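Hi everyone, thanks for coming. Let me put the sequence and structure up on the screen, and then we can walk through them together.

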Amino acid sequence: MKRILLALLRIYKIALSPFFGSQCRFLPTCSDYAREAILRHGAGRGTWMAACRLCRCHPFTDGGYDPVPPASPAAPAASTQQDRGSAASGPAPVTIRLPRP
């Protein structure tokens with residue numbers, strides 16, 4: 001299931017995303033967020049997190065830097081990217097406000 005979702009995201013980025021232009025208010029973009037969430041948290045939870053992120057993406061939000069939260073230690077490791085991207089004792093996340101176009 002994870003491979004199918006990642007393939008659909010890749011098709012979206014190649015075929016449809018160029019026609020919409022750069023309109024994302026968040027960093028990383030919603031499709032990159034969805035990919036990373038699926039890789040870190042699995043197909044079910046990653047898809048839910050991506051859907052929640054899409055609901056937050058509207059003209060009245062400030063946007064900014066919104067990374068995928070790290071997987072909990074009790075959850076099984078989805079991939080080796082989880083270990084590379086999340087450090088338990090790392091610094092607190094920084095909020096970066098992007099200027100509106």
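This is a predicted model: local features need pLDDT of at least 70, side-chain atom pairs count only at pLDDT 80 or more; totals for chains, interfaces and linings use all residues.

The mean pLDDT of the protein is 77, with 79% of its residues at 70 or more. Which element has the highest mean pLDDT, and which the lowest? Among the elements of the protein, α3 has the highest, at 89, while helix α4, residues 81-85, has the lowest, at 47. Over residues 77-86 the pLDDT is below 50, and this stretch has 15 contacts in the model beyond near neighbours in sequence.

Rolling a probe the size of a water molecule over the atoms shows where empty space is left. Here the largest pocket has a volume of about 860 Å³. Its lining has 31 residues, and those closest to the centre of the pocket are Tyr12, Gln23, Cys24, Thr29 and Cys30. Where does the lining come from? At least two lining residues each come from α1 (2-20), β1 (26-27), α2 (30-41) and α3 (43-56). The largest share is from α1, which gives seven residues. If you sort the lining by class, you get 19 nonpolar, eight polar and four charged residues.

Let's move on to the salt bridges. The count comes to four, and I'll show you some of them.

Please find helix α2, where Glu36 and Arg40 sit four residues apart, about one turn of the helix. These two form a salt bridge, with their closest N and O atoms 2.9 Å apart. Arg40 has 9%, so it counts as buried.

Next, look at Asp66. Asp66 forms a salt bridge with Arg53, the closest N and O atoms being 3.7 Å apart. This pair links distant parts of the chain: Asp66 is in the loop between β2 (64-65) and α4, and Arg53 is in helix α3, 13 residues apart. Both partners are buried, Asp66 with a relative accessible area of 18% and Arg53 with 0%.

Asp66 also forms a salt bridge with Arg56, and there the closest N and O atoms are 2.6 Å apart. Arg56 lies in helix α3, ten residues from Asp66. At 35% relative accessible area, Arg56 is partly exposed. Put together, Arg53, Arg56 and Asp66 are linked in a network of salt bridges.

Methods:
Residues are numbered from 1 along each chain as its sequence is written. Side-chain values use heavy atoms; hydrogens and water are left out. On a 1 Å grid over the protein atoms alone, a cavity is a set of points where a 1.4 Å probe fits but cannot get out, and a pocket is an open set with protein on both sides within 12 Å along at least five of seven lines; lining residues have an atom within 4 Å of a point. Grid points are joined across faces, edges and corners, and a volume is the space filled by probe spheres set on the points. Ala, Val, Leu, Ile, Met, Phe, Trp, Tyr, Cys and Pro count as nonpolar, Asp, Glu, Lys and Arg as charged, and the others, Gly among them, as polar. pLDDT is the predictor's confidence in each residue, from 0 to 100. Contact means heavy atoms within 4.5 Å. A salt bridge is a side-chain nitrogen of Lys or Arg within 4 Å of a carboxyl oxygen of Asp or Glu. Buried means under 20% relative accessible area, exposed over 50%, partly exposed in between (1.4 Å probe, protein chains only).
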